Amino acid sequence: MKENKSYDVGWLNSLPVNGKAREMLVQTGEKPDPVSMYAIQLAKWGIEGGRIEAESPVLETVEAMITWRPVRLANFFMISSDGDYNPAGWEDTQTPLELATVILDEIEEKMMLHFPLYGSL
């Protein structure tokens with residue numbers, strides 16, 4: 001994927017999944033930060049509060065993702081230029097914890113694709 005000005009944080013955060021993640025962050029009392037992807041912020045909220053258990057490589061990846069460039073996030077999640085980003089089950093989530101879990105599952109799934117040795121650790 002080429003560096004493209006359409007791949008900015010504002011564009012990523014305008015995608016429906018991130019809009020819902022933003023709403024969920026507000027529900028938790030967190031202040032969504034528009035400089036990073038809302039879905040990542042929600043996943044981090046779930047891990048940091050001990051609400052969701054995750055293996056240390058996932059924790060490290062989520063922590064790092066907060067600072068990733070938008071094009072790198074789009075590549076990682078395989079978000080097409082038309083904004084196709086639909087983690088399985090995200091629309092049916094009702095609580096911040098449910099959505100954070102779906103996002104973390106998506107991150108782990110993508111880690112297995114991008115980092116083939118991850119599953120053997």
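I searched the whole structure for salt bridges and found 4. I count a salt bridge when a side-chain nitrogen of Lys or Arg is within 4 Å of a carboxyl oxygen of Asp or Glu. The model is predicted, so I note that local features need pLDDT of at least 70, that side-chain atom pairs count only at pLDDT 80 or more, and that totals for chains, interfaces and linings use all residues. Residues are numbered from 1 along each chain as its sequence is written, and side-chain values use heavy atoms, with hydrogens and water left out.

**Entry: confidence**

I looked up pLDDT, the predictor's confidence in each residue, from 0 to 100. The protein has a mean of 91, and 93% of its residues reach 70 or more. Residues 1-5 have a pLDDT below 50. Beyond near neighbours in sequence, I find 9 contacts for that stretch in the model; a contact means heavy atoms within 4.5 Å.

**Entry: Lys44**

I took Glu48 to begin with: its closest N and O atoms with Lys44 are 3.6 Å apart. Both residues are in helix 3 (residues 38-48), 4 residues apart, which means a separation of about one helical turn. I take helices (H or I, at least four residues) and strands (E, at least two) as DSSP runs, numbered from the N terminus. Glu48 has 57% relative accessibility and so counts as exposed. My cut-offs are under 20% relative accessible area for buried, over 50% for exposed, and partly exposed in between (1.4 Å probe, protein chains only).

For Glu63 and Lys44, the closest N and O atoms are 3.4 Å apart. Glu63 lies in helix 4 (residues 56-65) and Lys44 in helix 3, so this pair ties together parts 19 residues apart in sequence. Glu63 is partly exposed, at 42% relative accessible area.

**Entry: Glu106 and Lys110**

I looked up another salt bridge, Glu106 with Lys110, and its closest N and O atoms are 3.4 Å apart. The two lie 4 residues apart in helix 6 (residues 96-114), about one turn of the helix. Are they buried or exposed? Glu106 and Lys110 are both buried.

**Entry: helix 2 against helix 3**

Helix 2 (residues 16-28) packs on helix 3 at about 40°, with the axes 8 Å apart. The axes are lines fitted to C-alpha atoms, for helices over the stretch in contact, and angles run from 0 to 180 degrees between N-to-C directions. Helix 2 is therefore oblique to helix 3: under 35 degrees counts as roughly parallel, over 145 as roughly antiparallel, 65 to 115 as roughly perpendicular, and the rest as oblique. Among the residues that meet, I list Leu25 in helix 2 and Trp45 in helix 3.
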